[in-house]
Amino acid sequence: MERAPVELQTPPLLLAGLVGATQMHSQLVAALHDSAVDAVGHRRVRYTSFSYDMRIPPCKRGGKDSPNYRISGILKRRWLEKMCSTIPAVLIVCFDWSEDAQLPQSDRAQAVAQLQHAQRQARERGLRVLVFVMLHPSVADAEGICAPLRQQIEGTSSGLIIAKGAAGMPATAQKLERLVYQCAVSFYSDEEKRLRKIWNPKPPHATSQHATMMQVRTSFKIGFLSEFRRDARGALMSYIKAYELLTHTADVADVIERLALCNFISLRMYQRYLHSHDVQAAVHQCRIHTQTLAKFCDDEHGPLAWLKWHWLSVNHEVFAQMLEAQSQQMPPSSDMWQFAGYHYRVAAACSRRLQSWARASMASGLLPEACGAGGDLVTANFLGQAPRLERPEDCADPALEVSLRLARTQAEECKRLERGVHLLTRAQAACKERDYIAGMIFCSARMAEEYLSEGNL
């Protein structure tokens, strides 16, 4: 139904927030990134900016234990957004006191109040708080000036980092970046522990279906949080558990939501395996997922038939792109499933089947017109679910109406040849790189067929 959300397309980075003194954020972030590259060879934290009056969204924990709690889906989109861009694991409260060596007492008192506000915002969610102060280069008693701030963080997991002028920032950034990383990893580890607590639902939610849905949700979240900590083994184990629950338990959700989540889980597993240079394991998961998708929808002319070929095509294209990105680090192999060109060819073949479905459905009238009732389509709150009608009560069969609209839209998009030709071009380029003459000839013949089918000589 949709390509993976932005948050799932790349491995997640630890999230930290810089609070206050926004004029020095860009310089500080650059110094922190440089320190990370020097230490481990790559950036490992993403930084966002906040003002001193920032607000962290309040917790809504405990809702699932309420008797009125309704499970409407497996994983909310909002959770991914919060983890990746809204709620930082660490707050770094910044103070720029570099312009004046004699700091007024009123500025120190104001700084204490600003730090206390940040601590209150962090307390409910268990966020970590660090303090970074940039003083004037000529200050002699740095500890004395920062004593009121240190008093606020004594006995906590917070830390105070002091730099003297902009020239002293690179040296202190090394220590600050290391502290940020350690605190962020600790935060996500605590989140995992909280999620692992067994859910004991109260009636009327004490059903096997709801328990399985919560298991899938928890496993996915734990896998994703493990990726923040670069725990590849823990992430893969959790993703495998979620994938198996989705494929072996038909009543956990409707088929579209289940398979869409399987798509997203497979994407994360491909990246984790390939990042660990375990190509065979990535290929194994690709084979399993291809078989899962191939079993979907036996009705070749129904309103959901296009999803099978669309998902298969996207799956092979994405896997081919990942194999290409890792091609320089992969040893030669005779297994065609480890060859990006093969997956581009399969993706092109699935795209062609999708075009055949569109032409047959539109020409023969097998795909009914949507009635148009119910208003516009609205994105579902839960990941993988089909869009909803704006006013479902105005439509006799909202689910069928949504399916027909999406199928009609897909059929119109399939009239263009660009996707199939593009995939074959990529396959031909991969074959040429390997001097695979037969594959190049095959791709050329397929492209000629594509053009001839449209009368383009």
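1. Start at Arg 230, which sits in the loop between α8 and α9. This is a predicted model. Phi of Arg 230 is near 60 degrees, a positive value in a residue other than glycine. Most residues other than glycine have a negative phi. How exposed is Arg 230? Arg 230 is partly exposed, with a relative accessible area of 36%.

2. Ala 21 is not a glycine, yet its phi is positive, at about 50 degrees. Ala 21 lies in the loop between β1 (14-19) and α2. Is Ala 21 buried or exposed? Its relative accessibility is 9%, so Ala 21 counts as buried, the cut-off for buried being under 20%.

3. Now the chain as a whole. The secondary structure comes to 16 helices and seven strands. The C-alpha trace spans about 85 × 60 × 35 Å along its principal axes. Of the 457 residues, 51% count as buried. Take the contacts between residues at least 6 apart in sequence: 76% of them join residues at least 24 apart.

4. Helix α9 covers residues 232-248. The buried residues of α9 are Gly 234, Ala 235, Leu 236, Ser 238, Tyr 239, Ala 242, Tyr 243, Leu 245 and Leu 246. An α-helix has 3.6 residues a turn, so residues three or four places apart point the same way. What covers the buried residues of α9? The cover includes α8 (208-228), α10 (255-275) and α11 (279-294).

5. Two of those helices, α10 and α11, pack on each other. Two packed helices are described by the angle between their axes and the distance between the axes. The axes of α10 and α11 come within 8 Å and cross at roughly 170 degrees. That angle is over 145 degrees, so α10 is roughly antiparallel to α11. The crossing is left-handed. On the α10 side, the residues that meet α11 include Leu 259, Cys 262, Asn 263 and Tyr 270. On the α11 side, they include Val 279, Ala 282, Cys 286 and His 289. By class, this contact of α10 with α11 has eleven nonpolar, five polar and no charged residues.

6. Next comes α11 with helix α12 (residues 305-325). Their axes come within 10 Å and cross at roughly 170 degrees. That makes α11 roughly antiparallel to α12. Val 279, Ala 282, Cys 286 and His 289 are among the α11 residues in this contact. Trp 311, Asn 315, Phe 319 and Leu 323 are among those of α12. The residues of the contact of α11 with α12 divide into ten nonpolar, four polar and one charged.

7. The remaining pairing is α10 with α12. These helices pack at an angle of about 10 degrees, with their axes 11 Å apart. They are therefore roughly parallel to each other. The contact residues of α10 include Leu 259, Asn 263, Tyr 270 and Leu 274. Those of α12 include Trp 311, Asn 315, Phe 319 and Leu 323. By class, the contact of α10 with α12 has twelve nonpolar, three polar and no charged residues.

8. Helix α14 (residues 398-413) has 16 residues. From its first C-alpha to its last, α14 reaches 23 Å, close to the 22 Å expected at 1.5 Å a residue. Its buried residues include Val 402, Leu 404, Leu 406 and Ala 407. Glu 401, Arg 405 and Arg 408 are also among the buried residues of α14.

9. Two further residues deserve a look. His 33 lies in helix α2 (residues 25-40). His 33 is buried, with a relative accessible area of 12%. Which residues does His 33 contact, leaving aside neighbours within four places in sequence? They are Arg 43, Val 45 and Tyr 47.

10. Thr 86 is in helix α3 (residues 77-86). Thr 86 and Gly 17 are 69 residues apart along the chain, and their C-alpha atoms are separated by 9.3 Å. Leaving aside neighbours within four places in sequence, Thr 86 is in contact with Leu 15, Phe 50, Pro 57, Arg 78 and Glu 81.

Conventions
Residues are numbered from 1 along each chain as its sequence is written. This is a predicted model: local features need pLDDT of at least 70, side-chain atom pairs count only at pLDDT 80 or more; totals for chains, interfaces and linings use all residues. Side-chain values use heavy atoms; hydrogens and water are left out. Helices (H or I, at least four residues) and strands (E, at least two) are DSSP runs, numbered from the N terminus. Buried means under 20% relative accessible area, exposed over 50%, partly exposed in between (1.4 Å probe, protein chains only). Contact means heavy atoms within 4.5 Å. The expected span of a helix is 1.5 Å times one less than its number of residues. Axes are lines fitted to C-alpha atoms, for helices over the stretch in contact, and angles run from 0 to 180 degrees between N-to-C directions. Angles under 35 degrees count as roughly parallel, over 145 as roughly antiparallel, 65 to 115 as roughly perpendicular and the rest as oblique. A crossing is left-handed if the near helix is turned anticlockwise from the far one by less than a right angle, and right-handed if clockwise. Ala, Val, Leu, Ile, Met, Phe, Trp, Tyr, Cys and Pro count as nonpolar, Asp, Glu, Lys and Arg as charged, and the others, Gly among them, as polar.
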